[in-house]
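Q: Hi! I'm new to reading protein models. Could you walk me through this one?

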Amino acid sequence: MAIITFSSPTLHRDVTVYATAGDTKTVLSLAEKNDVRIPHDCREGDCGSCLIEVKYLAGKPKMAIDLTDKEKATLQSLGRITAAQIEDAEVNHVAPPFRLACQFIARDEDMIIAFTGEPGGA
Ligand code: FES
């Protein structure tokens, strides 16, 4: 089970939710299910409006670091991931700090998801 805490100036207080292991919902869907409003538009990984910053908490191995091709391209166009970070994610399983909530599926990590509330503002 993943413990995910959403943190944003738009929230009255941080919201912590539990994602069941094996759940294939994106972080955006998980947020919506829990009335956390992360800005979004396309839901396809194209627009970048659902940009989030991910801080992993210690204790569990990082697992959900697979980036879709669209997510890689969009994060690069936003200047939020480098080619070296992509290689590090794919080769060394080092998670990048920024993700797209509509593409990112949490597995079994505990993390803080931060967003400003502005589209693409992480
Ligand atoms: Fe457009 Fe996520 S909503 S990239």
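A: Happy to! Let's begin with Thr26, which counts as buried because its relative accessibility is 17%. Buried means under 20% relative accessible area, exposed means over 50%, and partly exposed is in between, using a 1.4 Å probe and protein chains only. A word on the source: this is a predicted model, where local features need pLDDT of at least 70, side-chain atom pairs count only at pLDDT 80 or more, and totals for chains, interfaces and linings use all residues. Residues are numbered from 1 along each chain as its sequence is written, and side-chain values use heavy atoms, with hydrogens and water left out.

Q: Thanks! Where does Thr26 lie?

A: Thr26 is in the loop between β2 (15-19) and α1. Those names come from DSSP runs numbered from the N terminus: helices are H or I with at least four residues, and strands are E with at least two.

Q: And what does Thr26 touch?

A: Leaving out residues up to four places away in sequence, Thr26 touches Ala101, Cys102, Gln103, Phe104 and Ile105. Contact here means heavy atoms within 4.5 Å. A polar atom of the Thr26 side chain also lies 3.1 Å from the backbone nitrogen of Ser29. For a polar contact, the pair of N or O atoms must be within 3.5 Å; within protein, one must be able to donate a hydrogen and the other to accept it, and residues adjacent in sequence count only if both atoms are side-chain atoms.

Q: New topic: what order do the strands of the sheet come in?

A: Five strands make an open sheet with mixed pairing, in the order β2-β1-β5-β3-β4. The edge strands are β2 and β4, each pairing on one side only. Two strands pair if DSSP finds at least two bridges between them. On average, neighbouring strands in this sheet are turned by 35 degrees against each other, ignoring direction. Axes are lines fitted to C-alpha atoms, for helices over the stretch in contact, and angles run from 0 to 180 degrees between N-to-C directions.

Q: Do β1 and β5 run parallel or antiparallel?

A: Parallel: strand β1 (residues 2-7) is joined to strand β5 (residues 111-114) by four bridges. In that pairing, Ser7 stands opposite Ala114 in β5.

Q: And in which sense do β3 and β5 pair?

A: Strand β3 (residues 51-56) and β5 are antiparallel, again over four bridges. Val54 stands opposite Ile113 in β5, while Lys55 has Ile112 as its bridge partner there.

Q: What about helix α2, where does it pack?

A: α2 packs on the sheet, where it touches β3 and β4, and its direction makes about 125 degrees with that of β4. The buried residues of α2 (residues 69-77) are Glu71, Lys72, Thr74 and Leu75. Their cover includes β3, α3 (83-92) and β4 (98-100). Just after the helix, Gly79 takes a positive phi of about 75 degrees.

Q: Which residue does Glu71 form a salt bridge with?

A: Arg99, with the closest N and O atoms 2.8 Å apart. Glu71 lies in helix α2 and Arg99 in strand β4, so this pair ties together parts that are 28 residues apart in sequence. Both Glu71 and Arg99 are buried.

Q: And which residue does Lys72 meet?

A: The side chains of Lys72 and Glu90 meet in a salt bridge of 2.5 Å, N to O. This one links helix α2 to helix α3, so it ties together parts 18 residues apart in sequence. Lys72 counts as buried at 14% relative accessibility, whereas Glu90 is partly exposed at 46%.

Q: Which residues are linked in a network of salt bridges?

A: Glu44, Asp46 and Lys70 are linked that way. Between Glu44 and Lys70, the closest N and O atoms are 3.9 Å apart. Glu44 sits in the loop between α1 (27-33) and β3, and Lys70 in helix α2, so the pair ties together parts 26 residues apart in sequence.

Notes:
Salt bridge = Lys/Arg side-chain N within 4 Å of Asp/Glu carboxyl O.
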